[in-house]
Amino acid sequence: MPDQAATTRFHAGLTPEAVVAAAVELTRESHLFSWSIRDLARRLGVSPSAIYHHVGGKDLLCRRVVEEVATRLAVPDPDLSWQDWFRELLFAMGPVAMEYPGVAKWMLMHGPVIQAVLPTIDTGFAAMRRAGFGEMTGFAYALLFNTAMLTVTSGDDRKQHEEDGPRDHAAMMREFSRLAAGRPEAEAFADSTMRPFAEGGDTAAQARVDYYRFCVEITISGLTTWLATHGSPGSPADGA
């Protein structure tokens with residue numbers, strides 16, 4: 001009798017695109033770093049060797065997943081001020097990255113090493129150079145992206161511990177609210193900042209987006225202030 005692994009290795013109809021699409025869906029359902037090749041093979045009904053044959057190992061699959069997610073973002077109009085250019089890009093990028101947990105962390109770990117992000121870098125970097133960031137353009141660009149992706153990553157990591165006993169972030173926030181009872185400022189902090197996250201569901205999801213947008217806005221405001229006093233001579237801080 002033929003070996004079952006051999007018969008499934010070259011599964012009829014299996015393509016690299018189908019493997020990546022399944023990996024993207026597994027990421028959306030869980031986290032980029034939480035599923036295994038065996039999980040993916042089980043999803044597709046093939047042996048793990050078929051995954052390696054069509055795409056490769058987990059490292060390469062992660063790269064392909066991030067590349068696929070990145071293609072879903074449009075490059076903003078290059079005629080926008082640098083502030084509005086980054087608002088449009090990052091306000092769209094955050095919810096997309098949140099939908100696929102772990103993608104933001106991968107980008108922080110590996111940097112812009114995928115083809116899909118090169119048009120974004122070309123346009124955004126040029127906008128910041130025109131604004132007058134000069135030799136600090138790279139740092140300013142990195143600050144915006146790292147702040148955005150770090151904010152998403154922290155939320156992704158918290159979600160991994162939901163319903164996980166003492167590590168459950170929502171449970172810890174509820175415990176803080178109990179400890180804050182009778183302390184007016186601590187109670188105000190718990191009610192305004194922690195309660196929405198502790199509620200979970202749509203309330204927590206909206207709070208996460210609101211916090212993300214606030215972090216982006218504050219970073220843009222800080223860079224605008226820095227540019228006003230440190231920008232390259234003769235280069236206007238457009239949109240400031």
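1. Start with a term. A residue is buried when its relative accessible area is under 20%, exposed when over 50%, and partly exposed in between (1.4 Å probe, protein chains only). By that rule, 38% of the 240 residues of the protein count as buried.

2. Some ground rules. This is a predicted model, in which local features need pLDDT of at least 70 and side-chain atom pairs count only at pLDDT 80 or more, while totals for chains, interfaces and linings use all residues. Residues are numbered from 1 along each chain as its sequence is written, and side-chain values use heavy atoms, with hydrogens and water left out.

3. The fold. The protein has 12 helices and zero strands. Helices (H or I, at least four residues) and strands (E, at least two) are DSSP runs, numbered from the N terminus. Contact means heavy atoms within 4.5 Å. Take the contacts with a separation of 6 or more: residues 24 or more positions apart account for 70% of them.

4. The largest nonpolar core. Such a core is a set of buried Ala, Val, Leu, Ile, Met, Phe, Trp, Tyr and Cys residues joined through side-chain atoms within 4.5 Å. The largest has 28 residues; among those touching the most other members are Val 19, Trp 35 and Ile 51. Helices α2 (16-29), α3 (37-44), α4 (48-54), α5 (58-70) and α7 each give two or more residues to this core. A second, separate core holds 26 residues, including Leu 90 and Met 98.

5. A closer look at Val 19. Leave aside its neighbours within four places in sequence. Val 19 is then in contact with Leu 14, Leu 40, Leu 44, Ile 51, His 54, Val 55 and Leu 61.

6. Helix α7. Which residues of α7 (residues 103-110) are buried? They are Val 103, Ala 104 and Trp 106. These three lie on the same side of α7, because they cover an arc of only 160 degrees around the axis. The arc is that of the directions from the helix axis to the C-beta atoms. Just after α7, Gly 111 takes a positive phi of about 80 degrees.

7. The surface. Tyr 211, Phe 214 and Ile 218 form a nonpolar patch with about 330 Å² of accessible area together. Areas come from the Shrake-Rupley method with a 1.4 Å probe; for residues, only the protein chains shown count as cover. Patch residues have over 30% relative accessible area and no salt bridge; like charges are joined within 9 Å, nonpolar side chains (Val, Leu, Ile, Met, Phe, Trp, Tyr) within 5 Å. A salt bridge is a side-chain nitrogen of Lys or Arg within 4 Å of a carboxyl oxygen of Asp or Glu. Ile 218 is partly exposed, at 47% relative accessible area.
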